Amino acid sequence: MTNGLARASVRFRPGSFVGTLVALLLGAAVVVACGTLLQTGLTASLKPERYAAAPVVVTADQAVKIERKTGGETETQEQATPERARTDAALVGRLTALPAVAAARPDTAFPLPAGERTPAMTGRGFAALGIAGPGDKLVEGRAPGANEIVLDTDTARAAHLAPGASLALTAPGGTAHYRISGLAAAQRSGPTAWFADTTADRLSGHPGRIDAIAVQPREGVPTTELAAQVRRALGGDARTFTGDDRGTVERPALSSARSMLTALGGTFGGYATMTAVFVVMSTIALATGQRAREFALLRAIGATPRQIRRTIATEAMLVAPLAAALGILPGLALARWWFGQLADRGAVPADVRLDIGPLPMLAAVLLCTLAALTAGFLAARRPSRMRAAQALGDAAVEAPRPGKVRTVLGVLFAAGGCTAAVVANALDGEKAAQTALGVVMCFMVTVALLGPRLAAAAAALLGAPLRAGGAPGSLAADNARANARRLASAITPIVLVTAFCGTLLILQSTVRHTTGENVKAGVTADHVITTTGPGLPAATAETAARVPGVDTAIGLLRTGVVYESGDMLSSAPALGVGGDPARLPKVLDLDVRTGALADLGRAPDTIALSTTLSGALGAKVGDRVPLWLGDGTAVRPAVVAVYERGLGVGQALLPRAAVASHVTAAYDSQVLVAAAPGADRPALAASLGALPGTAVTDRAGFVAQADKDLELSGWANTVMAAVLGGFAAVSAANTLVMTVIDRRREVALLRLAGTTRRQVRHMMRWEALLVAVTGLAVGASIAGLTLVPVTRGVAGSAPHVPPMLALPLAVGTVLLCLGSTGLPVRALLRTRPATLGTARQ
Amino acid sequence: MARHRDHRTDGPGTAPFTAAPFTAHPYGSAPRLGAPAAEPAIELRGVRRVYGSGAATVHALRGIDLALARGSFTAVMGPSGSGKSTFLQCAAGLDRPDEGQVRLGGEDITTLGEDRLTKLRRSRIGFVFQSFNLLPSLSVEQNVLLPQRLAGKRQDRARARELLTRVGLGEHASRRPGQLSGGQQQRVAIARALITHPDVVFADEPTGALDTTTAHEVLGLLRQAVDSLGATVVMVTHDPVAASFADRVLFLAGGAIADDLPYPTPQTVADRMIALTAHPVGAAA
C-alpha cells in the first residue's frame with residue numbers, strides 16, 4: 001500500500017518529527033483531560049445512603065425548563081434551580097394509597113444552628129423516621145408532641161441529654177423551647193432532631209411543601225412495579241428516582257457538580273480541542289513546508305502528486321497515534337489535578353470519583369490522528385500540486401502570497417468575530433463571559449488565515465526602526481520582509497498565548513475589581529452582623545433593630561433567580577431584603593438609577609433589578625418581569641427600581657417575605673446595621689455581639705455576594721488560561737525552534753560571508769523581538785476587542801488591566817521568544833560554518 | 001564501444017553557424033553505435049517558452065529546433081539568462097513549452113497530462129541535479145532504486161549493485177547520503193539516473209558544487225555511461241572543461257541556439273563562450 005518512504009523518513013530523522021509529536025502529545029493530553037471531566041460529569045453517581053432502604057424516591061424537578069419551538073422542532077432549555085425545588089406535601093397521601101406502597105414518608109430537612117447544649121443539627125419531621133430501614137426507629141421514649149423533640153442517641157449522649165430534658169432550638173421558622181420526648185437510632189447524616197410533623201412543617205420555613213418522598217414497597221413488590229405505579233400516580237407532578245439516581249436527591253450538590261463538570265469538559269474541552277487541532281495543523285504545515293526540497297526532488301524523479309500526499313499522510317499516521325498515546329498519561333494527570341481542585345473548592349462532593357474510561361483516550365487518539373491526517377493532506381497540497389520544475393525553483397524561496405480564498409475566509413472570520421463581540425455587548429453576565437472564548441476563536445482563525453499579510457504589515461511597520469539598529473537590525477528587517485510566511489507561523493502562537501491568557505485573566509480581574517469597587521462604594525452600614533453557623537434567623541434583624549443606638553438593621557437573605565434572556569435560561573444572584581426597604585439606602589448605596597427602593601415593601605410581588613439584569617430582561621421600572629424564584633417557582637413581580645451596583649451585591653432585590661419560603665434554608669446571611677446619629681459605636685458593637693450565635697464586624701466584614709457561578713468560572717478561567725496559555729506557549733516555542741533550526745544554511749552563509757557570531761545572534765534577537773512585539777500587539781488587540789463588550793456585559797465597566805498581570809504576561813512572552821530563538825541559534829553557531837553549509841538538509 | 005575521445009584532436013568543429021533547424025544528424029560523419037538513422041532520443045520542434053506578461057514578459061526560449069541521437073553526449077552552455085535551465089526543464093518534461101513539441105523516443109510529451117508526464121519521467125528520463133539529489137532518509141541503494149519503487153515495480157537490486165560498482169560505490173550501498181562526500185553523492189545520483197535504462201539522462205550543472213578532481217570523476221562517469229552503456233546524456237553546464245567531455249556543445253543565447261560545436265576541447269569551448277559574450281547574438285534581439 002504505502003511505498004515505505006514515510007516510514008524511512010520518520011525512522012531516519014525522528015528529530016524533525018519532534019515538533020509535531022510535542023504538539024500532538026499536548027493536544028491529546030488536553031483532550032483526554034477534558035474528556036475525562038466530561039465523562040465524570042455524565043456518569044458520576046453516589047450510592048444512596050439515607051435512601052438505601054427506599055427503592056423509589058420522589059422529588060421535584062431540580063431545574064427550570066422552558067420549551068421553544070424553532071422551526072418544527074421543540075427545543076428544551078434547562079437551568080438548575082439555585083435553591084432546592086420542593087414538591088407538594090399532598091402527594092404523600094396520593095402515594096400511600098397505592099397498592100404496592102407500604103410506606104410513603106415525607107422527608108424535609110432544615111438546618112438548626114448550634115444551641116447552648118447541642119451542636120448544629122438537621123431538623124426533620126417525625127414521619128421521616130424509618131426511611132433508613134427497620135432499624136431506623138425510636139429506641140427510647142415516645143413520639144414528639146407539639147413542643148417536643150426526639151434526638152438521636154449519639155447526640156443526646158454527647159450532650160448529656162436524656163428524655164425529659166428541655167432545650168432551646170432555632171429553626172428557619174423561629175426559636176422555641178422543646179422537651180425531649182424520646183431518643184431514636186443514630187443517623188449517618190449526623191446529629192438530628194425530629195419534630196412533630198405539623199411543627200416541622202411550620203419550622204421548615206416552607207409549609208405544605210416537602211423536599212422528597214421516600215417510598216417503600218409492600219413485601220414482594222419489585223422496584224420496577226413500584227416505580228411504575230408511583231409514576232402513574234404522580235402524572236407530571238414530580239420526578240421518580242430509583243437505583244443510584246436516588247443519590248442525586250440525597251445530595252443535590254451532585255447534580256450541580258455534574259452539570260458543572262459537563263459544561264467544563266464540554267465547553268472548555270471544545271475550545272481546547274479546537275486550539276489543539278489548530279496548533280497541530282500549523283505545526284504540521286510548518287514541518288511539511290520545511291521539507292519542500294525533498295518533495296520537489298521526489299516530484300522531479302517521478303513521484304506523482306498522489307504519492308507525495310500519501311507519503312505525508314502516512315508520516316502523520318506514524319506519528320499521531322504514538323504521540324496521542326503518549327499524551328494520555330499527562331492528560332489523566334491534568335484531569336486528576338483539576339478534579340481534585342474542584343473537589344477542594346466544594347464544587348464537587350468529596351466522595352465523587354473521577355471516572356477514567358477508555359472513551360476520552362480513544363477520542364484523543366482518533367482526533368489527533370484525524371487532525372494530523374487533515375493537516376498533512378492540506379500541507380501536502382502545495383508540494384504535490386506544484387509542477388516539478390516549479391517545485392525545484394520554489395524550494396528555496398518564499399511561497400507566494402496567500403490565495404484569494406484564504407483572504408476572503410480570513411476577512412469573513414474577522415467580521416464574524418466583530419459580530420460576535422457586538423452580540424456579546426448585548427448579553428449579560430455569565431452568557432457574555434461564555435461568548436468571550438468564541439470571539440477569541442474567531443479572531444484566532446482570522447490571524448491564522450491572514451497571518452502572512454499581518455506579518456508583512458508588521459515587518460514593514462517595524463522595519464524602519466530596526467534598520468536603525470546597525471547591520472544585525474537591518475538584516476533582521478530584511479529577513480522579516482522576505483519571509484512573511486515564516487514570520488507568521490512564529491507570530492500566530494504568540495498571538496494565541498496573548499489573546500487567550502489576556503482575555504481569560506483580564507475578564508476575571510475585571511469582575512473581581514468591579515465586585516470590590518461595588519462593595520466598597522455600596523456598603524454604607526456601620527456594622528455587619530454575620531454568623532459561623534448555617535445563618536441568622538429572621539428574628540436577628542428585628543432584635544438588632546431594637547438594640548439602643550441602632551437606627552436601621554436590615555437582614556439580607558441570599559438566594560438566586562432564574563431568568564430568560566435571548567431564548568436562554570440563566571441564573572443570577574438575588575437578595576431577599578428584610579425589614580423596611582425604605583431604609584435600605586442607610587446601609588446599602590446601590591446607586592439607584594430609576595425608581596425607588598422604598599417601593600420594594602409596598603407589595604410582596606415587587607423587585608429591584610441591577611442595570612445588567614434589567615438590560616438582559618429588557619425591563620424598566622413599572623414592567624412586570626417573568627422570573628423563577630430560587631426553588632423554580634414562576635413569578636411576575638413588578639420592577640420598582642433599577643440600580644447600578646449589582647456585581648458583588650446581587651442582581652435583584654426582592655422583599656424577604658417573597659423569597660423566604662422558596663429557598664433551601666430561610667436564614668439571613670448577614671444583617672447590616674446603621675448606627676443612630678451620635679450613638680456610641682463600640683458600645684453598640686458590643687451589645688450587638690451579645691446576640692446569640694453572631695459575630696459583629698465593621699463594613700469591611702461584608703462578604704461580597706459572590707456569584708457562585710461567576711466565582712467558580714473565574715477560577716476555571718485561570719485554569720483555562722494556564723492550560724491554553726501553556727499549550728500555546730509550548731507550541732510557540734516549538735515553532736520558533738523549528739524555524740530557527742531550518743535556517744542553518746542561511747546562518748552558515750552569513751558566517752562564511754563574514755558575519756560574526758555576535759551579529760548573527762543580534763540579528764536573530766531582533767527577529768525574535770519583532771515576533772514578540774507583533775504577537776503581543778495583535779494578541780492584545782484581540783483581547784481588547786473581545787473584552788470591551790464582554791466586561792461591559794459582565795461588570796458594566798471597561799476591562800480592568802492590573803499591571804501586575806499584564807506586565808509579567810508581556811515580559812514572559814518576550815522571554816519566551818528570546819529563549820526559544822536564542823538557544824537553537826547558539827547551538828547552530830557552535831558548529832563551524834563550513835560544516836554547516838554542507839550539512840544535510 | 002567505438003566512440004573515442006581522440007575525435008577531439010580533429011580540432012574545432014566547422015559546423016556552420018546557423019539558425020536553421022537542426023536535422024537529426026547535424027554532423028553527418030559522426031559515427032553512431034548501431035543507430036541506423038533511427039529516431040533521435042529526443043527531439044525539440046519550435047519550442048517556445050514565455051514567462052510573465054505585459055512589460056515583464058521574458059522570452060526564455062524563442063523557438064528551439066533540435067534532435068539528439070541515441071548514445072550521444074551533449075553539453076548545453078550559455079551565459080546567465082540564456083535559457084539553459086528552461087531548455088533543460090522543457091526537454092525533460094519538468095516544464096511545459098508554450099509552443100512547439102518535445103518528442104521523447106518519438107512520443108510527443110508536450111500533450112501529456114501531469115500524471116502521465118510524472119510516470120514518463122520516472123521510467124524514461126534520468127536526472128542529476130547540482131545538489132540535493134538524494135533523499136537523506138534513504139540508504140544509497142534505496143535512493144538508486146527510488147524510481148522503481150515509485151513506479152511500484154520490482155526493485156532490481158542486482159542492477160543497482162552493478163551500477164553502484166560501476167560508479168565506484170559498491171561497498172557504500174547501505175550508507176546514508178549524509179555519510180558520503182559531495183562527489184560520491186553525485187555518483188549515486190548518476191547510478192539512480194541510469195537504473196531505469198532511460199531514453200535520456202539530464203544533468204543540470206552536475207559538477208557545479210564539486211572540486212576539479214571530483215568533477216572530473218563525475219564527468220568521466222557520465223562519459224562512460226554514454227560509451228559503455230549507450231546512454232544519451234544532455235548536460236547543462238557553465239564550465240568549458242565539463243563541456244569538453246561531451247561530443248557536442250550547443251550554445252544558447254537569448255533563448256535561441258547561437259552556436260554548435262562538435263568535438264569540443266576546453267579551449268575551443270572557452271573561445272566560443274567569449275565570442276558569444278562579446279557579440280550578443282542578433283537573432284535573439
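Leaving aside its neighbours within four places in sequence, which residues is A:Gly646 in contact with? Please place that residue in its surroundings too.

A: This is a predicted model. Leaving aside neighbours within four places in sequence, A:Gly646 is in contact with A:Ser610, A:Thr611, A:Thr612, A:Leu613 and A:Gln651. The residue sits in a loop of chain A. That loop runs between β23 (638-643) and β24 (652-655).

Is A:Gly646 buried or exposed? It counts as buried, because it has 33 C-beta neighbours inside 10 Å, and the cut-off for buried is 20 or more.

A:Val794 is 148 residues from A:Gly646 along the chain. Their C-alpha atoms are separated by 9.9 Å.

Helix α24 of chain A covers residues 757-795. Helix α25 of chain A covers residues 803-830. Their axes come within 9 Å and cross at roughly 150 degrees. The cut-off for roughly antiparallel is over 145, so α24(A) is roughly antiparallel to α25(A). The crossing of the two, α24(A) and α25(A), is right-handed.

Now the residues that meet. From α24(A) they include A:Arg757, A:Val760, A:Met764, A:Glu767, A:Val771 and A:Gly775. From α25(A) they include A:Ala810, A:Val814, A:Cys817, A:Thr821, A:Val825 and A:Leu829. By class, the contact of α24(A) with α25(A) has 12 nonpolar, 4 polar and 4 charged residues.

Next, the nonpolar cores. The largest nonpolar core has 231 residues. Those touching the most other members are A:Leu24, A:Ala28, A:Val280, A:Ala364, A:Cys368 and B:Leu222. Take A:Ala364 from that list. Leaving aside neighbours within four places in sequence, A:Ala364 is in contact with A:Ala28, A:Val31, A:Val32, A:Gly35, A:Ala324, A:Gly327, A:Ile328 and A:Gly331. A second, separate core has 62 residues. Among them are A:Ala538, A:Ala608, A:Val640 and A:Val671. In soluble globular proteins, nonpolar side chains tend to be buried together.

Last, the whole chain. Chain A has 26 helices and 26 strands. Its 841 residues are 54% buried. The C-alpha atoms of chain A fill a box of roughly 100 × 75 × 55 Å, taken along the principal axes. Consider contacts in chain A between residues at least 6 apart in sequence: 83% join residues at least 24 apart.

Definitions and conventions. Residues numbered from 1 in each chain as written. Chains lettered and ligands numbered in written order. Predicted model: local features only at pLDDT ≥ 70, side-chain atom pairs only at ≥ 80, totals over all residues. Axes fitted to C-alpha atoms, helices over the stretch in contact; angles between N-to-C directions. Helix = DSSP H or I, 4+ residues; strand = E, 2+ residues; numbered from the N terminus. Parallel < 35°, antiparallel > 145°, perpendicular 65-115°, else oblique. Left-handed = near helix turned anticlockwise from the far one by under 90°. Contact = placed C-beta atoms within 7 Å. Nonpolar A, V, L, I, M, F, W, Y, C, P; charged D, E, K, R; others polar. Core = buried A, V, L, I, M, F, W, Y, C linked by C-beta atoms within 7 Å. Buried ≥ 20, exposed ≤ 12 C-beta atoms within 10 Å, placed from the backbone.
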